[in-house]
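These are my notebook entries on a single protein model. I set down each item in the order in which I looked it up.

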Amino acid sequence: MLNGTTAEIKPRTALRINPAKTCQPIGAMYAALGIHRCMPHSHGSQGCCAYHRSHLTRHYKDPVMATTSSFTEGSSVFGGLSNLTQALKNIFTIYQPDIVAVHTTCLSEVIGDDIPMMIKKATEDNTIPAGKHVIHTNTPSFVGSHVTGYSNMVRSIIKYLAQSSGGTRDQLNVIPGFVDPADMREIKRLCAMMGVNIVMLPDTSGVLDTPQDGHYQMYPKGGTTIEQIKGMGDSIATLALGHFGAHPAAAELEAKCNVPAGFLELPIGLTCTDKFIDALRQYGSTDVPESIEEERGRLVDLMSDLHQYFYRKRVAIAGDPDHLISMVQFLVELDMQPAYVITGTPGQHFERRIKDLLKEHAPNAVVKQNTDLFELHQLMKQEPVDLLIANTYGKYIARAENVPFVRLGFPILDRTGHRLFPAVGYTGAMRYIEKINDALLDQKDRECEEEWFELVQ
Ligand code: SF4
C-alpha cells in the first residue's frame with residue numbers, strides 16, 4: 001500500500017538479481033580446453049580473463065590456463081589489433097600450443113574488433129607459425145550466457161577445422177552440451193560398451209580431471225586432437241546432446257560436410273539415456289549389450305524401491321537449459337512434481353519444451369527462461385517446495401527457506417564430486433537419486449530431532 005492505494009508492481013524487464021547464468025566467454029574457454037594442446041585466448045582486458053579462469057578453476061578444482069590480449073585504455077580507443085598480434089607472438093613462443101582459440105569479451109565486442117581480419121593478417125605476416133592454428137568465436141556477454149559461449153566456440157571449431165575428404169570413416173561424432181569431464185568420460189564409456197567408435201568434441205576428460213602425479217602439465221593427455229576434428233567431416237553421423245549447447249555445431253557440420261545430424265537431449269535420467277543408447281544402437285548398427293541392460297535395470301529397481309519418498313514432492317529447479325530439460329523429465333519419471341523451473345539462459349525453446357513435458361504431470365508449473373534466482377526465491381516464498389535443485393548459489397535460498405538442497409550444473413564451487421562422478425547415463429541417474437533421497441531424509445531427520453527436543457524440554 002502506498003498513500004492508502006495499492007501500488008502497482010511492474011514485472012522487471014532489464015534488471016537481474018542473482019542471475020541464473022554467467023558470461024559467454026566462460027563457456028567458450030571451457031569448450032576450447034576440450035581440444036588437445038589448445039590455449040584459450042581471451043581478447044579483452046585482464047580482469048575478464050582472470051575472472052573466467054578462476055571461476056572454471058573453482059568449479060573443476062584444476063588449474064585452468066588461458067591467455068589475454070590485456071587491453072588498456074589505448075586498445076579501447078584504437079582497437080585490439082596490436083594487442084592480439086603481440087599476444088599471438090608471445091603465446092606461440094612461450095607456451096607452444098598447437099592451436100589458439102580466441103574468444104571476445106564485452107569490450108572488444110563494443111569496439112567492434114574484426115577478429116577474422118586480425119587472424120588473416122597474423123597468418124600473412126607469419127605471426128602464426130606454419131602448422132599451427134588460430135580460430136575464433138564471438139562471445140558478447142550482453143546477450144546469451146555461458147552456454148551460448150560454449151555453443152558458439154564448438155560451432156566455430158567445426159567451422160574452422162572440420163573437413164570432408166569425400167570418403168566415409170566408420171565413426172560417429174558425439175557433441176556433448178556444457179557438461180563436466182566426468183559426464184564426457186561416462187558418455188565415452190557407454191559408447192565403448194556399445195562397441196561404437198566415436199570422436200567426441202569437445203572432450204575435457206583427461207584435461208580438467210587429471211590425476212595427481214607430482215608434475216604440472218600445461219597440456220594434459222586429454223582433449224580432441226586437431227586430426228580427429230578434421231576427420232569429423234567424414235563421419236557417418238553426429239549425435240548432438242543438448243538443444244542449446246550442442247545442436248548448432250552439429251547443424252554447422254551437416255551444412256559444411258554433409259554429415260547427418262541426430263538431435264538429442266542430454267542423457268540425464270532414464271528416458272533421455274534410453275534415447276541416447278537407442279541412437280547409438282541405430283547409428284552404430286549394433287545391439288545393446290547385457291551389461292548396459294543390467295545397469296538400466298539397477299536404476300529402475302532403485303526408482304521403484306524409493307518411489308514412496310519422491311511421490312508428489314514439489315521441486316524448484318534452476319540451472320542451464322539443457323540440464324533442466326533432461327532433469328525435469330527425470331523428476332517426472334520419479335513421480336516428483338516440478339513446481340518452478342527457471343533458467344538464466346535466454347531461448348523460447350526452453351519454455352516450450354518444459355511446458356510440453358509437464359502439460360499432464362504438472363500443468364501449473366511456473367517455467368521461465370532469461371530470469372534469475374531472486375525471482376525463484378520470491379516464487380518459493382509464495383508457495384513453498386519440498387526440494388530445491390540448483391548450482392552453488394541456490395544454497396542461500398535453501399538456507400533461508402529451510403528447504404533440502406541438491407547441487408546440479410555450473411558452477412558448483414563448494415563441493416567436489418561433480419568433477420569425478422557423472423550426472424549423465426544410468427550411473428548418473430542413480431547418483432542423483434541418492435542425492436535427492438539423502439537431502440529429503442536428512443531434512444526429515446532434522447524435523448524429528450527438533451520435535452523430540454521440544455518434547456523433552
Ligand atoms: S566485461 Fe563482459 S566478458 Fe568481461 S567479465 Fe564482464 S560480462 Fe564477462
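**Entry 1. Terms and numbering**

I began with the rule for pairing: two strands pair if DSSP finds at least two bridges between them. I also noted that helices (H or I, at least four residues) and strands (E, at least two) are DSSP runs, numbered from the N terminus. The model is predicted, so I recorded that local features need pLDDT of at least 70 and that side-chain atom pairs count only at pLDDT 80 or more, while totals for chains, interfaces and linings use all residues. Residues are numbered from 1 along each chain as its sequence is written.

**Entry 2**

Cys38 has Ile99 in E3 as its bridge partner. Helix H1 (residues 24-33) packs on the sheet and touches E1, E3 and E4, and its direction makes about 160° with that of E1. For such angles I noted that axes are lines fitted to C-alpha atoms, for helices over the stretch in contact, and that angles run from 0 to 180 degrees between N-to-C directions. For contacts I noted that two residues count if their C-beta atoms, placed from the backbone, lie within 7 Å.

I then followed strand E3 (residues 99-104) to E4, with which it pairs in the parallel sense over five bridges. His103 stands opposite Thr137 in E4. Helix H7 (residues 146-161) lies across E3 and E4 and runs at about 140° to E4.

In what order do the four strands of the open sheet stand? I read E2-E1-E3-E4, with parallel pairing. Strand E2 (67-68) and E4 are the edge strands, each pairing on one side only.

**Entry 3. Burial of two strands**

I first wrote down the cut-offs: a residue is buried if 20 or more other C-beta atoms lie within 10 Å of its own, exposed if 12 or fewer, and partly exposed in between, with C-beta atoms placed from the backbone. In strand E4 (residues 133-137), four of the five residues are buried, so E4 is largely enclosed by the rest of the structure. In strand E5 (residues 172-176), five of the five residues are buried, so E5 is largely enclosed as well.

I recalled that in a regular strand the side chains alternate between the two faces of the sheet. For E5, both faces are covered: Leu172, Val174 and Pro176 are buried on one side, and Asn173 and Ile175 on the other. E5 pairs with strand E6 (residues 198-200) in the parallel sense over three bridges. Met200 in E6 is the bridge partner of Val174.

**Entry 4. The five-stranded sheet**

I found a second open sheet, in which five strands stand in the order E11-E10-E9-E12-E13 with parallel pairing. Strand E11 (366-368) and strand E13 (405-407) are at the edges with a single partner strand each, so one side of each is left without a neighbour in the sheet. The twist averages 20° from one strand to the next.

Strand E10 (residues 337-342) is joined to E11 by three bridges, and the two run parallel. Tyr340 stands opposite Val366 in E11. Helix H15 (residues 348-358) lies across E10 and E11, at about 160° to E11. Helix H18 (residues 425-456) lies across strand E12 (387-390) and E13, at about 155° to E13.

**Entry 5. A loop residue**

I looked up Thr416 in the loop between E13 and H18. Is Thr416 buried or exposed? Thr416 counts as exposed, because it has 11 C-beta neighbours inside 10 Å. Its C-alpha atom is separated by 29 Å from that of Lys368, 48 residues apart along the chain.

**Entry 6. Two crossing helices**

I compared helix H11 (residues 270-283) with helix H14 (residues 321-333): their axes come within 7 Å and cross at roughly 120°. Leu270, Thr271 and Cys272 in H11 meet Ser326, Gln329, Phe330 and Glu333 in H14.

**Entry 7. The whole protein**

Finally, I noted that the protein has 18 helices and 13 strands. Of its 457 residues, 50% count as buried. The C-alpha trace spans about 80 × 65 × 45 Å along its principal axes.
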